[in-house]
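Okay, thanks for coming, everyone. I'd like to walk you through one model today, ring by ring and strand by strand, so let's get it up on the screen.

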Amino acid sequence: MKMATRDTSPKKFLRLELEDRKEKSQMTTWMLLLRYTRKVVEVPSYINAAFRSTRTNEAYLFMKNKYALVNYAPGSTDDRIVNGPLLICEGFPSLIDTPFGEQGMDCAFDTDYNTGFPFYTTKTEAFIFAANLCAYIDYAPGTTDDKILSGPMTIAAMFPFFKDTVFEDGIDAAFRSTRSHEAYLFRGDKYALVDYDSKNLIAIRNITDGFPSLLGTVFASEIDAAFASHREDEAYLFKGELYALINFAPGTTDDHIVGGNIKHILTNWPSLRSILPLKNKGLDTHDHHGHGQDHDPDQHDEF
């Protein structure tokens, strides 16, 4: 009987070596992926977008695909949750099956809400952003009668002056100015001052050129979210676990950080301690079966 012999040829050794390397490479890839996934999951998430309500001292804060309506009680730590947190698509049914309602918002800002003489009506409208998309909505406080007035469309379609700029691909944060129809929009270390009514670009500058008070702070390179306070010429800026209240001094570079310090959100906004931070474990799963039948009509009520 012929005895089997081991293949000791160079080709055999080379094949085994390549297979061993491939197996080790796959294991390394999986280990790196697992390590990366764990790190991402462990990174806390705070406020992604915000806009001021027509109700005094109230603002909508957006966190992934959820939101909360907050009375932010300026000048104190007496803030409170008015409503929420709720899924965006529950409180704003017009945003069902849109990126804004299902995945969440990157940015938002409210618009002028007094139409002036001769009618003096109150408008409850806001621009909202997700990735490179934008929509203009009536958020209908106190009801679920919100509606999309324009969009969704690309940012460049809504604001043609952003074509071929860094703002075309997304907006990080924004807040409305006290000057009529003007707003500040932020992307990376840049900001744009725009007239959103006439759709005119006023200026694009470095954040620290237009807001010298932010030089040397975490807000110089990027801002996560912002909203204008109901107090004249003041706005809240957010980045991660930190926030600053600034007097933005429109038309000048005399802005300053109110109180002189950047602060921790949870230290000074106690109502948010039960909500933030969110873990990056993905979006909350949900469906819209039966939506509108058993829907609470006051889900984003400003009572």
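Let's start at Trp 269, which counts as buried at 3% relative accessibility; buried here is under 20% relative accessible area, exposed is over 50%, and partly exposed is in between, with a 1.4 Å probe and protein chains only. Before I go on, the housekeeping: this is a predicted model, where local features need pLDDT of at least 70 and side-chain atom pairs count only at pLDDT 80 or more, while totals for chains, interfaces and linings use all residues. Residues are numbered from 1 along each chain as its sequence is written, and side-chain values use heavy atoms, with hydrogens and water left out.

Back to that Trp. Which ring pairs with Trp 269? Phe 238 does: the ring centres are 5.7 Å apart and the planes sit at 65°, so the pair is edge-to-face. On the rule itself, rings of Phe, Tyr and Trp (its six-membered ring) pair if their centres lie within 6.5 Å; planes under 30 degrees apart are stacked, over 60 edge-to-face, and the rest tilted. Phe 238 is buried as well, at a relative accessible area of 1%. And this pair links distant parts of the chain: Phe 238 belongs to strand β15 (residues 234-239), Trp 269 to the loop between α6 (265-268) and β19 (278-279), 31 residues apart. When I say helix or strand, I mean DSSP runs numbered from the N terminus: H or I with at least four residues for helices, E with at least two for strands.

How many aromatic pairs are there by this rule? The count comes to 38. One of them is Tyr 184 with Tyr 191, a tilted pair at 6.1 Å centre to centre and 45° between the planes. Tyr 184 is buried at 5% relative accessibility, and Tyr 191 is buried at 3%. There's also a cluster linked by ring pairs, made up of Phe 109, Phe 127, Phe 129, Tyr 136, Phe 159, Phe 161, Phe 162, Phe 167 and Tyr 196.

For β11 (182-187), 5 of its 6 residues are buried, so call it mostly covered. β11 runs antiparallel to strand β10 (residues 173-176), joined by 4 bridges; two strands pair if DSSP finds at least two bridges between them. Ala 173 has Phe 186 as its bridge partner in β11. The two strands make a hairpin with 5 residues between them, and His 181 in the turn has a positive phi of about 65°. On to β12: β11 pairs with that strand over 6 bridges, again in the antiparallel sense, and Arg 187 is bridged to Lys 190. That hairpin has 2 residues between the strands, with Gly 188 at a positive phi near 60°.

Next, an open sheet of 4 strands, antiparallel, in the order β6-β7-β8-β9. β6 (107-110) and β9 (147-154) are at the edges with a single partner strand each, so one side of each has no neighbour in the sheet. Neighbouring strands here are turned by 15° against each other on average, direction ignored; the axes are lines fitted to C-alpha atoms, for helices over the stretch in contact, with angles from 0 to 180 degrees between N-to-C directions. β6 and β7 (residues 125-130) are joined antiparallel by 4 bridges, and Ala 108 has Ile 128 as its bridge partner.

How big is the largest one? Its volume is about 220 Å³. A pocket is an open set of points on a 1 Å grid over the protein atoms alone, where a 1.4 Å probe fits, with protein on both sides within 12 Å along at least five of seven lines; lining residues have an atom within 4 Å of a point. The volume is the space filled by probe spheres set on the points, which are joined across faces, edges and corners. The largest pocket has 17 lining residues, with Gly 75, Tyr 236, Tyr 243, Leu 245 and Lys 263 nearest its centre. Strand β16 (residues 242-247) gives the largest share of that lining, 3 residues.

The second largest pocket comes in at about 180 Å³. It has 16 lining residues, and closest to its centre are Tyr 184, Leu 193, Arg 205, Gly 251 and Thr 252. So Tyr 184, the buried one, is back again, and β11 is among the elements that give two or more residues to this lining. Okay, over to you.
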